[in-house]
Amino acid sequence: MPSTFHMDDAMLWDEILKAIVDSMPEQLFPLFKEVFGKEYPPDASIMLLATEQSTFLEDPGAPPGSRFSDIALLVNGTDYYHLECQMHNDGNMAIRMVVYDLHFATQHSASRNQDSNETVLHFPRSAVIYPEKNLAVPDHLQCRIVFQDGSNHLYQVPTVRIQSYSLSAILEKHLDLFIPYLLLRLRPRLKNKHPLTEKELTDFVKEVILLLETECKDGYISPQQAEDYARLFQAAAGRVFAQYPDFRRKVLHMTKPLITLPSVKYRKFYTKIHELESRARTLEDQTNDLQARLESKQNTLDSVQNQLDSAKNQLDSTKNQLDSAKNQLDSTKNQLHSAKNQLDSTKNQLDSAKNQLDSTKNQLHSTKNQLDSAKAENAALRARLMQLSQASVPTGDKK
């Protein structure tokens, strides 16, 4: 089972302030007017600045480190502000603010005076906001800084104690960013000997709802901002009444109508229409893109088909050439077979002639033998005749 992340109490109230500054930073303008006497038009530029500060300059030999402040911003391109949200009266808060502001000036607002060859550090307008009631918090946090030449300067930072403002004062001064913190003024009553009643809670929440509706109607906040404040108020209720589920559900139930104000309904309706139109345009763009891709694929397929057709035609032509060559080979084979038959016939004729020649030769040889025999017989006869002839002559005649 995945673990659930739970913010501690101080972190929640810090995050509420950061959520307001991130989503609707112009809501700080009434606070700047209240604390510093500075007024800005609603459309004045606001730039959120980095809040992480290196500690290298404090001790270059130490391992690298950093510290984080809560809110740092530049208004109208010229005015620097630094705000901290603090739940408890920390005795070292003045020192922490000196360190924060020194790093702030080093990081964001240092300048160089070329004429006097001096580095100038412009400290921001700083304030510490205390969401919870604390009578020990002074109007200003102070720290006297004594320099090495004996001169000194009293560093002062104003404090903003939210629970010291009544609902009417918040409405009059349009300090609407205090609204999510208002339930904190009821927390001491939860364990009091005269505990908070449901009617007291209901009456208080009704006043807060009326405050939000009035600010929305008068144009100091938009319907969306009213809804955002209601949600932050609900988040605060979840923390303040964490052990009191009935109170928590009561606050959630009562603040739901804020989210369904007519203006909010119409805004949501038109927002939904715009979302649907945007989605339709996106789908149309996607459809056109798919159509273009399909056409490109079709063209590619057509090109491949043409190549296949061309290759098939080449194969058919090659096949025809092979068939023609095969026919020629078959014809040549037949001619060779016919020639072989003729050669075989000629060989047979030659063999027959040879046999006849051999027979004739044998006959001649036999005839020669007969002739030789006849010659021999003839010679023998002639010799016999001579002998006979000689034998027949008288002796006297021989003389």
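**Figure 1. Surroundings of Phe 32 in the predicted model.** In this predicted model, once the neighbours within four places in sequence are set aside, Phe 32 is in contact with Gly 37, Lys 38 and Tyr 40, and also with Leu 73, Val 75, Tyr 81 and Leu 83. Phe 32 also belongs to the largest nonpolar core, where it is listed among the residues with the most contacts inside that core, together with Trp 13, Leu 31, Phe 178, Leu 183, Leu 201 and Phe 241.

**Figure 2. The nonpolar cores.** The largest nonpolar core comprises 59 residues, and helix H5, which covers residues 198-217, provides the largest share of this core with 8 residues. For the protein chain as a whole, which has 399 residues, 28% count as buried. The chain is made up to include 8 helices and 10 strands, and of its contacts with a separation of 6 or more, 62% are accounted for by residues 24 or more positions apart.

**Figure 3. The largest pocket.** The volume of the largest pocket is about 470 Å³, and its lining consists of 18 residues, with Phe 29, Pro 30, Tyr 40, His 174 and Tyr 220 lying nearest the centre. Helix H2 (29-36) and helix H4 (167-173) each contribute at least two residues to this lining, and the largest share, 4 residues, is that of H2. Sorted by class, the lining of the largest pocket contains 8 charged, 6 nonpolar and 4 polar residues. His 174, one of the residues nearest the centre of this pocket, is placed in the loop between H4 and H5, and its phi is positive, at about 60 degrees, although His 174 is not a glycine. As background to this view, most residues other than glycine have a negative phi.

**Figure 4. The second largest pocket.** With a volume of about 170 Å³, the second largest pocket is lined by Glu 34 and Val 35, by Asp 139 and His 140, by Pro 158, Thr 159, Val 160 and Arg 161, and by Ser 164 and Tyr 165. Both H2 and strand S10 (152-161) supply at least two residues of this lining, and S10 accounts for the largest share, which is 4 residues. In terms of class, the lining of the second largest pocket has 4 nonpolar residues, 3 polar residues and 3 charged residues.

**Figure 5. Helix H5 and the residue Leu 212.** Helix H5, with its 20 residues, reaches 28 Å from its first C-alpha to its last, which is close to the 28 Å expected at 1.5 Å a residue. The buried residues of H5 are Leu 201, Thr 202, Phe 204, Val 205, Val 208, Ile 209, Leu 211, Leu 212, Glu 215 and Cys 216. Leu 212, whose place is in this helix, has a relative accessibility of 2% and therefore counts as buried, the cut-off for that class being under 20% relative accessible area. Just after H5, Gly 219 takes a positive phi of about 85 degrees.

**Figure 6. Helix H6 and the separation between Leu 212 and Ala 230.** The 18 residues of helix H6 (residues 223-240) should span 26 Å at 1.5 Å a residue, and the end C-alpha atoms of the helix are 25 Å apart, which agrees. Within H6, the buried residues are Gln 225, Ala 226, Glu 227, Tyr 229, Ala 230, Leu 232, Phe 233, Gln 234, Ala 236, Ala 237 and Val 240. The C-alpha atom of Ala 230 is separated by 8.4 Å from that of Leu 212, and the two residues are 18 residues apart along the chain.

Figure 7. Asn 76 lies in the loop between strand S4 (71-75) and strand S5 (79-85), where its phi is near 60 degrees, a positive value in a residue other than glycine. With a relative accessible area of 41%, Asn 76 is partly exposed. Asp 22, by contrast, has its place in helix H1 (residues 9-23) and counts as exposed because its relative accessibility is 55%, exposed residues being those over 50%. The C-alpha atoms of Asp 22 and Ile 71 are separated by 9.8 Å, although these residues are 49 residues apart along the chain.

How values were computed: Residues numbered from 1 in each chain as written. Predicted model: local features only at pLDDT ≥ 70, side-chain atom pairs only at ≥ 80, totals over all residues. Heavy atoms only, no water. Core = buried A, V, L, I, M, F, W, Y, C linked by side-chain atoms within 4.5 Å. Buried < 20%, exposed > 50% of the residue type's maximum accessible area, 1.4 Å probe, protein only. Contact = heavy atoms within 4.5 Å. 1 Å grid on protein atoms, 1.4 Å probe; cavity = no way out; pocket = protein on both sides within 12 Å on 5 of 7 lines; lining within 4 Å. Points joined across faces, edges and corners; volume = space filled by probe spheres on them. Nonpolar A, V, L, I, M, F, W, Y, C, P; charged D, E, K, R; others polar. Expected span 1.5 Å × (residues − 1).
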